[in-house]
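The sequence and the model are shown first, and the description follows.

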Amino acid sequence: MSGKDVCLVFGTAAVCWMFGYYWTKRQTDKERLIQTNEDDTEIKVPPPDSYLITTPASLSPPGSPSRTSAQLIPRNSEEYIRLNGNDLEEDRDHVGGQWYDAVILHASEDEMAARLCQEILQEQVNVPNLKISLPDDIITPGTPTLDGLAILLLKCRLVIIYHSRHMSMDGLMLFGKQANIIQSLDDPQKRNRIIPFIVDGEEMSVDMCTIQPVNYTNDIRSANFPNFKNKMERLFLMWRDKIA
């Protein structure tokens, strides 16, 4: 097999393993609710639309039993929204209270092409103060690259995957791509925020088969460029409304 075929095989195997791991973990966490009593421990299965919150004994109100307590919070309740709605507020702390509109995840060999893509989006798309970045510009100095790639959705409204022929041969960016795809499938707040850019007609990889791609063009004189431009304008404005 060629080097590319080997990368594709290992990449596909890694995707399957990561999906299986996260799916098993999610199902296990969903089915397990441990409620500690004074004399015994009882395991209960929570309703599907509920959320488990535990309160340490040290934080329990005066007069309550001196042990860790657990309670179920319905997902549509104000308490659940208050607890989970803060996630996006906390995300803004990473970038001084501001969101990037998008980050372009790309293979190392596509650095110059990704910079050109960044320039085209910022100069041609009619969205005020559009903030497009590359991973190296976002990851905090001193942060391990793998850790930085895994939290792009905490800093950016959208993760654009520059899906060229080089992506399948860059192990580091394959990890970043798969980590963010899994998060978008597992976390409702991150759903639909992965945007694959199809470059030069490259076929979609199996791990993105359920994601709607965008046909990227870097030629502003092309007859296809207005469609690309208009689609990106709608996406950027829509996600600005959703994540202010």
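Contact here means heavy atoms within 4.5 Å. The structure is a predicted model, and on that basis F197 touches C117, L121, I160, I161, Y162, H163, V214, Y216, F228 and M232, with residues up to four places away in sequence left out of the count.

**The nonpolar cores**

The largest nonpolar core has 27 residues, of which I104, L121, I160, F197, M232 and F236 touch the most other members. Two or more residues each come from strand 5 (100-105), helix 3 (111-124), strand 7 (156-163), strand 8 (194-198) and helix 7 (225-242). Helix 7 is the greatest contributor to this core, giving six residues.

**Helix 7**

Helix 7 consists of 18 residues and spans 26 Å from its first C-alpha to its last, close to the 26 Å expected at 1.5 Å a residue. Its buried residues are F225, F228, M232, E233, L235, F236 and W239. Viewed down the helix axis, these residues fall within an arc of 170°, so they line one face of helix 7. The face turned away from the buried side carries the exposed residues N227, R234, D241 and K242. The cover over the buried residues of helix 7 includes strand 5, helix 3, strand 6 (132-133), strand 7, strand 8 and strand 9 (214-215).

**Buried cysteines and a buried arginine**

| Residue | Relative accessibility | Class |
|---|---|---|
| C117 | 0% | buried |
| C156 | 0% | buried |
| R157 | 8% | buried |

A disulfide is a covalent bond between the sulfur atoms of two cysteines. The structure holds zero disulfides.

Which element contains R157? R157 lies in strand 7. Because its relative accessibility of 8% is under 20%, R157 counts as buried. A polar atom of the R157 side chain lies 2.8 Å from the backbone oxygen of I243. With neighbours within four places in sequence set aside, R157 is in contact with W99, Y100, D101, R193, W239, R240, I243 and A244. Among these contacts of R157 is W239, one of the buried residues of helix 7.

How values were computed. Residues numbered from 1 in each chain as written. Predicted model: local features only at pLDDT ≥ 70, side-chain atom pairs only at ≥ 80, totals over all residues. Heavy atoms only, no water. Core = buried A, V, L, I, M, F, W, Y, C linked by side-chain atoms within 4.5 Å. Buried < 20%, exposed > 50% of the residue type's maximum accessible area, 1.4 Å probe, protein only. Helix = DSSP H or I, 4+ residues; strand = E, 2+ residues; numbered from the N terminus. Disulfide = S-S within 2.5 Å. Polar contact = N/O pair within 3.5 Å; in protein donor to acceptor, adjacent residues only side chain to side chain. Expected span 1.5 Å × (residues − 1). Arc of directions from axis to C-beta.
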